[in-house]
Amino acid sequence: MALSIFDLFKIGVGPSSSHTVGPMVAANRFVAELTEGKLMPRVAAVKVSLYGSLAMTGKGHATDTAVMLGLLGEQPDLVDPAAIDDLIAQIRSSGNLLLGGTLPVAFREADHLRFHFGESLPKHPNGMRIEVLDAAGLIFYSNVYYSVGGGFVLSDIEANDQGRGVEDESIEVPYPFNNAVELLAYGDEAGLSIAELVMENERTRYGDAEISQRLLKIWQVMDDCIREGCKHTGELPGGLHIKRRAHDMWQELVNHPERSIKDHLTVLDWVNLYAIAVNEENAASGRVVTAPTNGAAGVIPAVLAYYDRFVPGSSVEGIKTFLVTAAAIGMLYKKNASISAAEVGCQGEIGVACSMAAGALCAVLGGSNRQIENAAEIGMEHNLGLTCDPIGGLVQVPCIERNTMGAVKAINAARLALRGTGEHHVSLDSVIETMRQTGLDMQDKYKETSTGGLAVNVVAC
């Protein structure tokens with residue numbers, strides 16, 4: 001398997017990896033294709049069509065904003081969140097867009113950005129088509145892209161040739177595991193931990209210094225996101241009038257430390273705070289790490305912050321081991337199932353994040369490879385069937401609180417696994433396959449369309 005750690009952890013902006021980061025990446029790719037093909041001088045206008053879940057919840061997930069930013073040449077990891085509103089306002093007031101940041105072309109949302117509700121493209125629920133028109137109004141170039149979860153994007157051709165788009169056969173790694181059985185077997189044979197195996201694979205791409213720097217950058221962005229989330233007050237955008245809670249929670253915990261002496265579960269209040277802080281930042285289009293998605297971006301930071309702040313003996317090396325182990329588990333889901341809620345429901349986002357965090361925490365608490373695999377299995381087994389039914393198409397309710405539940409479940413899963421020997425009845429591979437099958441059986445109204453569940457049983461405004 002040629003996935004990289006940094007395929008699972010990407011720095012971007014909220015509120016969604018599949019609906020925001022992915023479409024921005026797709027628009028970047030389209031501009032690059034125009035440039036490489038020397039087609040830019042012919043462009044008079046650009047037109048974007050969104051299908052499936054990108055259409056159904058695109059407004060609430062800021063897909064329209066993401067597409068326009070991508071066409072401007074802005075990138076998810078580099079765009080300044082504070083500048084987004086001004087960039088979009090300029091397009092809307094002028095009726096023009098600087099394609100690639102340089103070429104003025106016609107772009108009026110009502111005419112050039114269409115949400116095709118109830119229509120889907122054939123290869124994934126998150127489909128989009130981008131077209132460019134010449135001065136005569138004729139389409140002379142177009143491409144189709146699929147945002148397949150976690151910020152991964154496939155073109156129409158790639159969706160045929162690469163399946164889930166996770167393999168690069170040009171990169172040969174020493175431990176090409178495709179499932180948990182192979183991962184454990186390599187560990188037994190080489191006498192290496194899961195993190196050590198994945199590090200050996202990663203060294204085919206980067207040197208140790210760069211891997212270390214990039215891992216610590218990921219943690220820094222996560223930690224900064226927690227701290228930013230604790231600062232802000234007011235309501236989240238989108239019209240649900242959801243009040244931000246992290247600041248008040250943080251103040252309460254900081255101002256009354258003595259309560260932890262009476263209530264030994266106060267540590268869980270801190271874990272809840274970390275998750276809420278991250279996902280409120282995500283809902284407000286702040287800087288987050290896709291881990292492995294934006295909707296589930298609070299789970300892994302919350303559990304890693306718990307390790308960093310509350311576990312005796314936590315260390316920088318432990319932080320890196322945590323992230324590498326989590327990535328190894330995420331690779332198994334990306335390869336063999338899905339991390340897209342539009343494809344398999346929220347079990348593919350919160351469930352996968354919980355599984356990744358559980359295995360990672362087990363690793364840094366001294367678990368064996370089989371205990372790590374057991375923790376990851378527990379983390380998913382008790383998220384099977386989790387639906388994605390965001391109210392108003394916004395990544396707020398139930399998404400923000402759901403991250404707290406995923407984080408707490410992950411901690412408990414790690415503790416359960418550490419109390420055992422690593423032997424267990426249900427394997428991680430079995431639970432991943434079960435998740436995939438459950439996702440296939442799940443009705444579309446529960447897969448990020450906001451047409452079922454809480455989205456229709458709770459008044460949105």
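Ala, Val, Leu, Ile, Met, Phe, Trp, Tyr, Cys and Pro are classed as nonpolar, Asp, Glu, Lys and Arg as charged, and the others, Gly among them, as polar. The model is predicted: local features need pLDDT of at least 70, side-chain atom pairs count only at pLDDT 80 or more, and totals for chains, interfaces and linings use all residues. Numbering starts from 1 along each chain as its sequence is written, and side-chain values use heavy atoms, with hydrogens and water left out.

**Search**
- Three cavities of 30 Å³ or more are found in the whole structure.
- A cavity is a set of points, on a 1 Å grid over the protein atoms alone, where a 1.4 Å probe fits but cannot get out; lining residues have an atom within 4 Å of a point.
- Grid points are joined across faces, edges and corners, and a volume is the space filled by probe spheres set on the points.

**Largest cavity**
- The volume of the largest cavity is about 160 Å³.
- Its lining has 20 residues, of which G295, E349, C388, V395 and C399 are the closest to the centre.
- By class, nine lining residues are nonpolar, seven polar and four charged.
- The largest cavity lies between domain 1 (16–161) and domain 2 (180–446), because both give residues to its lining; the domain bounds come from an automatic or database domain assignment.

**Second largest cavity**
- The second largest cavity has a volume of about 60 Å³.
- Its lining residues include A180, L183, I194, I329, I372 and L428.
- This lining has nine nonpolar residues, no polar ones and one charged; E373 is among the lining residues.

Notes. On a 1 Å grid over the protein atoms alone, a cavity is a set of points where a 1.4 Å probe fits but cannot get out, and a pocket is an open set with protein on both sides within 12 Å along at least five of seven lines; lining residues have an atom within 4 Å of a point.
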